[in-house]
Amino acid sequence: MASAAHPAFPSRGYGTSLGKLPDRSMGPTFGASSSQQQRETQRHERERERLEKERLEREEQNQLSEEQREEIKEAFMLFDLDKDQKIDYHELKVAMKALGFDLPKAEILSILQTHGSPSEPPSPNVPHHPRLLLPFAQFQTVMTQRILARDPRDEILRAFELFDEGGKGKINLNDLRRVARELGEGLEEEELAAMVDEFDLDGDGAINREEFLGICLQ
């Protein structure tokens, strides 16, 4: 027996927007894009700061004489005992002292903490206690800044001490004779005596610190 015909079901409209889920993809994509852009901006800012720092350091180093730059390099190379282009606390202390900066332990440690980097282990399986080391570029920067900030009188008095053998507080004719000989200067005795006479303001036959400063600062 044939079944009775059923009326057609109404169309549900699956293709319409009624049953469609909202598109949530735009929100996260926008957030990710914004975060990526922020990271990129920060990276560019760090790079700009690094380049600006390097530019300022070059400008400072250009204010030094060639002799001063060479002294910094020689001090580092002399006390970099293992020749790895890095120096530790003890090497830094004696290198700075050789350049005229006898700093206390706290200041040396502060330099290492600010400008240094930890040492690397010799091999993965060997116990390692990292030390702070100062690379040559950072040593050059630190010493350049300190030399530029130093009172020129300090530099002159350092030179005075090289002349003043025995720490008498005066440079006499014997001192000038010795220094001239060490430098290979063939000065006659009369010339050396004339130098003392010219700058010996108090007439004691020698040049004291103040007189020496006056010579160098005039």
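1. Basis. Residues are numbered from 1 along each chain as its sequence is written, and side-chain values use heavy atoms, without hydrogens and water. In this predicted model local features need pLDDT of at least 70 and side-chain atom pairs pLDDT 80 or more, while totals for chains, interfaces and linings use all residues.

2. Aromatic pairs. The whole structure holds four aromatic pairs (rings of Phe, Tyr and Trp, the last by its six-membered ring, with centres within 6.5 Å; planes under 30 degrees apart are stacked, over 60 edge-to-face, the rest tilted). Phe-76 and Phe-136 form an edge-to-face pair, because their centres are 5.1 Å apart and their planes stand at 70 degrees. Phe-76 belongs to helix α2 and Phe-136 to helix α5 (residues 136-149), so the pair ties together parts 60 residues apart in sequence (helices are DSSP runs of H or I, at least four residues, and strands runs of E, at least two, numbered from the N terminus).

3. Burial. Phe-76 is buried at a relative accessible area of 1%, and Phe-136 is buried at 19% (buried is under 20%, exposed over 50%, partly exposed in between, with a 1.4 Å probe and protein chains only).

4. A tilted pair. Phe-163 and Phe-212 are 5.8 Å apart centre to centre, with 55 degrees between the planes. Phe-163 lies in helix α6 and Phe-212 in helix α9 (residues 209-217), 49 residues apart. Phe-163 is partly exposed at 22%, whereas Phe-212 is buried at 10%.

5. Cluster. Phe-76, Phe-136 and Phe-139 are linked into a cluster by ring pairs.
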